[in-house]
Structures are given as structure tokens and as C-alpha cells.
Amino acid sequence: MQEEQEKSRPLSLLDDIDALYCEEEDDDDASSACNNGRNPFFPLDQDLFWDDEELLSMFSKEITQHKVVPAPDTINGADEFLAMARCVAVEWVLKVNARYGFTTVTAVLAINYLDRFLTSFRFQSDNKPWMIHLAAVTCLSLAAKIEETQVPLLLDLQDEDTRYVFEAKTIQRMEILILTTLKWKMHPITPLSFIDHIIRRLGLKTHLHWEFLKRCEHLLLCVISDSSSMHYLPSLLATATMMHVIDQVEPFTPIDYQNQLLDVLKIKKERVSECYNFVVDVSNKQSQKRKISRAPSLNRVFQNVVVASNHS
């Protein structure tokens, strides 16, 4: 009976990936891992306990950052106008970031600059929407100059759908204001710092590890789009994001992998639980949005099928 239940159990996405991995990978260790039922996506026997000095340094830096940056209440909840303006600005940043094929690091840095600037500069509800958009354009420009090898002209960075288009000299003056406000600290600790740390410990030996990174980056962008994310330390956002990705790709045995992750990052589960619930909530909202956005297109497909059937 137990064997029949195991055979009838639906395969997870990770099971499919693992099966493909077993077929294509010639490495003896990888084949042995598949045959023994171990998961090469996030291996429990991987030696992740190294380079603790780097990890401790990041913890120290994020605490310092958190003390310096003003409380995010000026954006989240206390000022509805500013929260909405931030939402629109972040949406624009992600849109342009994807349009030009910039890295996830660029998007995360741009949003980090924007949040730090908005909280430090103390924008008021009577500020014009174009001022927030100018800040968003400038923050993306700065992040691209730091991370990208090819950066478009300032006028080209502003797509044709943008309501406001600024001259290059206006953006350049804004760059000086933002750099000064942020005290020229343009390499902050972000959730990606911790995710990258774990990925390097995994060694990125297979396409599965790249897939893990890809999923974490995608979810993280959704998470930091919500202004409530500003309440959490980068390490907690990174840990909660990775835990949720593990939970999605390995729904049958996620606890072992999640506990290992917590051990590596030296974070107690109680500390990350609230942030994890927040990440899950954001993920569920995004899934619901995707379902709603797909509905019209599916309806058009069915309509086309009906029309084609009537003509045949």
C-alpha cells in the first residue's frame, strides 16, 4: 500500500529537474546523489560552513545601516501619498530594468537608493509626483553606472510611456543631491548580499543552483516592491526569501533544507518567522495577480477556438 501511495504521489517540479539532472549529468557523485534520493538542488552534505568572517562582517554592516537610515514609517502607512508614489516609482524601475536587461543587482540597488533617499530627504505629501519619479530615474541611473558595463543615455533611459521626461542636466543635478544625501555610500548590504553568499557556498556547480538563484531573485524583487519590506533587515529578507523558494521547489521535505540554511546564516527561526510570513503573503498576492492577468488571454484563446470550430 505504501509503495502504491508513493507511486501515485504527484511529482514536484524539483523531482522533474532532478530526473533530468540524473539523465544528463555524467559526474559520478551527482549520479550517486540522484540514485540515493538526495537533492542536488540544495544538498544537505554540501560544506557550507566556511568563511564565517565575511558573514559576520555583513551582519555588522547591516546593523550599522539600519541605525543610520531613518525609520521607514514616513513611507509605509504614515503617508498614503508617499507609499503610492513609491509603488509607482518602483514599478517603473523594474520595468526599465527589465527592458534594458540590467541585472537584478542593479534593480535592488536602485530601490535601495530610492528608499534611503525618500526616508532621509523627508518628502512631504505636498511634493509633486514628478519629484518622486525624478528620484527614481536618478537612482536607476546611478545603480546602472555602478553595476552595468553598458548604460544608455539619460534621455534613452526614460521610456516613451513615461509621464515625465527630464533633461539630462536635470538628472545630473539630482544625482549630486542623492549622492550627497546618501553620503556617497553606494555599496550597501542588501538581501542579495546574503543570497549571493549562500550561492557561492553552494559552488554553483549545476544548473539547479542557477535555478535556485533565479527564483530567489525573482521573489526578492516582488518582496522589496512592497514598502513593508523596509521594516526588515537584509539578512532576514534574504533568509525568508530562500526559505520560501525551498518550500516551493521541495514541498515534501523542506524542513531539513530550511534548518540547514538557518544554521549556515546563524539565524534563529523565531527571528525570521515574521519576515517569512510577510514574504509568503507577498508571494501569494503575486500568484493571485498572475491568475487574474492570465484570465483575459485564456478567454481570447477559447474564443478563437470556438470561432475556428464554427468555420470548420
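1. Helix 6 (residues 104-121) packs against helix 7 at an angle of about 135 degrees, and the two axes lie 8 Å apart. Here axes are lines fitted to C-alpha atoms, for helices over the stretch in contact, and angles run from 0 to 180 degrees between N-to-C directions. Helix 6 is therefore oblique to helix 7, given that angles under 35 degrees count as roughly parallel, over 145 as roughly antiparallel, 65 to 115 as roughly perpendicular and the rest as oblique. The crossing of helix 6 and helix 7 is right-handed; a crossing is left-handed if the near helix is turned anticlockwise from the far one by less than a right angle, and right-handed if clockwise.

2. On the helix 6 side, this contact involves Val105, Thr106, Leu109, Ala110, Tyr113, Leu114, Phe117 and Leu118. Helix 7 contributes residues including Ile132, Ala136, Cys139, Leu140, Ala143 and Glu147. Contact means heavy atoms within 4.5 Å. By class, the contact of helix 6 with helix 7 has 16 nonpolar residues, one polar and one charged. Ala, Val, Leu, Ile, Met, Phe, Trp, Tyr, Cys and Pro count as nonpolar, Asp, Glu, Lys and Arg as charged, and the others, Gly among them, as polar.

3. The model is predicted: local features need pLDDT of at least 70, side-chain atom pairs count only at pLDDT 80 or more, and totals for chains, interfaces and linings use all residues. Residues are numbered from 1 along each chain as its sequence is written, and side-chain values use heavy atoms, with hydrogens and water left out.

4. Helix 7 (residues 129-147) also meets helix 5 (residues 80-99): their axes come within 9 Å and cross at roughly 35 degrees. This crossing, too, is right-handed. Phe81, Leu82, Ala85, Ala89, Trp92, Val93, Val96 and Asn97 of helix 5 touch Pro129, Ile132, His133, Ala136, Val137 and Leu140 of helix 7. The contact of helix 5 with helix 7 comprises 12 nonpolar, two polar and no charged residues.

5. Of the contacts with a separation of 6 or more, 78% are between residues 24 or more positions apart. Buried residues make up 45% of the 312 residues; buried means under 20% relative accessible area, exposed over 50%, and partly exposed in between (1.4 Å probe, protein chains only).

6. Rings of Phe, Tyr and Trp (its six-membered ring) pair if their centres lie within 6.5 Å; planes under 30 degrees apart count as stacked, over 60 as edge-to-face and the rest as tilted. The count by this rule is four aromatic pairs. In one of them, Phe59 and Phe194 have ring centres 5.5 Å apart and planes at 35 degrees, so the pair is tilted. Phe59 lies in helix 4 (residues 52-68) and Phe194 in helix 10 (residues 191-202), 135 residues apart. Phe59 is buried at 14% relative accessibility, and Phe194 is buried at 1%.

7. Tyr100 and Phe102 form a stacked pair, 5.7 Å centre to centre with 20 degrees between the planes. Tyr100 is partly exposed at 27%, whereas Phe102 is buried at 9%.

8. Glu175 is located in helix 9 (residues 168-181) and is buried, with 8% relative accessibility. Leaving aside residues up to four places away in sequence, Glu175 touches Thr138, Ser141, Leu142, Lys145 and Leu154.

Methods:
Helices (H or I, at least four residues) and strands (E, at least two) are DSSP runs, numbered from the N terminus.
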